[in-house]
Amino acid sequence: MSRAELTGSPGGPLRGRIAVPGDKSMSHRALILGGLADGETPISGLLEGDDVLATARAVAAFGASVERLGPGEWRVTGAEWTSPAESVDCGNSGTGARLLMGAAAGFPLTATFTGDASLSGRPMERVLGPLRQMGAVTEGATLPVTIRGGGLHGIRFVNAKASAQVKSAILLAGLRAEGEIIVEEPARSRDHSENMLRAFGAEVEVAADGTVRLGEKRALTGTDVAVPGDPSSAAFPLVAALLVPGSEVRIEGVMLNPLRTGLFATLVEMGADLIVSGERDVGGERVGDLLVRASALRGVEVPASRAPSMIDEYPILAVAAACATGRSVMHGLAELRVKESDRLAAIIAGLNACGIEAWDEGDSLIVVGAGGPPAGGGSVQAHHDHRIAMSFLVLGLAARAPIGVDSAAMIATSFPTFVPLMQGLGAGIA
Ligand SMILES: O=C(O)C1=C[C@@H](OP(=O)(O)O)[C@@H](O)[C@H](O)C1
Ligand SMILES: C=C(OP(=O)(O)O)C(=O)O
């Protein structure tokens with residue numbers, strides 16, 4: 001196995017007050033909606049991670065003006081999208097690729113989308129199928145994918161699984177389609193597109209069961225977007241503080257949209273000392289400050305119905321479960337197999353390499369908690385997946401021996417300041 005690129009080592013308590021970078025889902029959407037809107041969209045708090053920077057370049061390649069004014073401060077001026085001169089490189093980002101495909105399909109243009117090795121292996125048909133039903137012409141089921149858009153008509157799409165990326169791609173294409181646009185899902189997925197589309201002036205109706213319908217009013221007008229802290233990034237210092245004895249960490253300005261907070265609810269069920277205060281509204285989303293203190297955790301059973309609200313948090317939840325007392329069972333994890341890596345397999349192999357019993361049964365993950373610090377030691381393969389890398393570095397802080405991670409560069413896709421921010425709290429990550 002290759003040498004560790006980064007190592008997480010046990011040490012003293014984590015202490016301090018931090019803010020995590022802007023929410024990745026909202027950052028992609030702010031750039032794309034700004035690029036489609038009439039006029040200017042000033043954005044503050046934009047996540048400057050590689051995934052979002054790829055989307056910024058893509059929106060500019062389609063003809064919008066995208067300017068960086070300062071750290072996290074951007075200004076987008078929308079345009080009629082035209083065929084880009086070159087293929088659109090979406091990097092490592094499923095959200096960027098799928099939302100951009102939807103937005104581009106609304107225009108009479110031709111664009112080819114590419115990505116890195118991981119993204120090129122991920123399924124795109126889930127978005128291309130509905131876009132074809134709306135009238136787009138597509139080539140390829142995995143990247144590179146070419147789309148010829150324009151002249152779209154309405155759709156009533158009943159998705160077999162909850163996916164905010166699929167829902168958003170249809171809504172974005174629907175902005176320039178004739179006829180009804182309705183998306184139904186078996187469970188509610190994150191609703192940032194719906195919230196932000198409304199802030200840009202579009203009419204979006206959401207029924208109690210989550211069915212979304214685009215109204216008659218579909219023109220977007222540029223508007224200010226303030227992006228709050230990403231709960232999926234906050235999850236890493238939060239779980240680290242729970243697991244390292246004596247820790248007390250305050251994470252300020254974290255987005256608390258209820259369709260994103262499944263991890264926080266699960267950790268509280270496990271016995272986490274987690275207090276939310278200062279709840280307020282930022283940019284149409286609920287935001288608050290988290291105070292977290294080291295806690296003895298118990299194993300938990302997480303129902304499949306909770307998966308959409310914590311889909312990216314299972315790797316770090318599995319780390320918390322590895323230190324808890326008793327067995328944890330997490331259901332409904334099939335989608336983890338088609339993320340940046342096969343996360344279910346990566347979690348199990350990583351935990352096993354650290355002396356923790358874990359296995360899958362169908363789409364469920366079972367983790368046998370060590371009831372305190374697990375053995376640790378050794379080296380974990382992160383498969384170039386940012387969330388797997390960060391999760392096992394956190395486990396190294398809580399284990400009896402350091403844990404090395406073989407590929408950590410991809411952390412920059414979602415949380416470029418992860419290492420200095422964790423070091424600032426006293427974490428031994430280097
Ligand atoms: O819409 C989004 O911003 C996202 C939706 C989720 O994916 P799915 O739509 O595939 O569930 C999530 O895993 C991803 O990190 C971000
Ligand atoms: C799955 C993720 O992102 P994406 O689908 O945008 O690559 C993630 O950030 O964990």
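Residues are numbered from 1 along each chain as its sequence is written, while chains are lettered from A and ligands numbered from 1 in the order in which they are written. As the model is predicted, local features need pLDDT of at least 70 and side-chain atom pairs count only at pLDDT 80 or more, whereas totals for chains, interfaces and linings use all residues.

One open sheet has four strands in the order β22-β23-β1-β24, and its pairing is mixed. Strands here are DSSP runs of E with at least two residues, and helices are runs of H or I with at least four, numbered from the N terminus; two strands pair if DSSP finds at least two bridges between them. The edges are held by β22 (379-380) and β24 (428-429); each has a single partner strand, so one side of each lacks a neighbour in the sheet. Strand β1 (residues 6-9) pairs with β24 over two bridges in the antiparallel sense, and Ser 9 stands opposite Gly 428 in β24. Helix α12 (residues 386-398) packs on this sheet, touching β1, β22, β23 (403-405) and β24, and its direction makes about 35° with that of β1. Contact requires C-beta atoms, placed from the backbone, to lie within 7 Å; axes are lines fitted to C-alpha atoms, for helices over the stretch in contact, with angles from 0 to 180 degrees between N-to-C directions.

A second open sheet consists of four strands in the order β10-β11-β13-β12, again with mixed pairing. Here β10 (153-158) and β12 (204-206) stand at the edges, each with a single partner strand. Neighbouring strands of the sheet are turned by 15° against each other on average, direction ignored. Strands β12 and β13 (residues 212-214) run antiparallel and are joined by three bridges; Val 204 stands opposite Leu 214 in β13.

The residues surrounding ligand 1 include Ser 25, Arg 190 and Glu 335; a residue is near a molecule if its C-beta atom, placed from the backbone, lies within 6 Å of it. Helix α6 (residues 164-174) gives the most to this shell, with three residues. Domain 1 (6-21 + 230-429) and domain 2 (24-152 + 166-176) each supply at least three residues to the shell around ligand 1; the domain bounds come from an automatic or database domain assignment.

Among the residues around ligand 2 are Ser 93, Lys 339 and Arg 387. Both domain 1 and domain 2 give residues to the shell around ligand 2, so ligand 2 lies between them.

How values were computed
Two residues are in contact if their C-beta atoms, placed from the backbone, lie within 7 Å.
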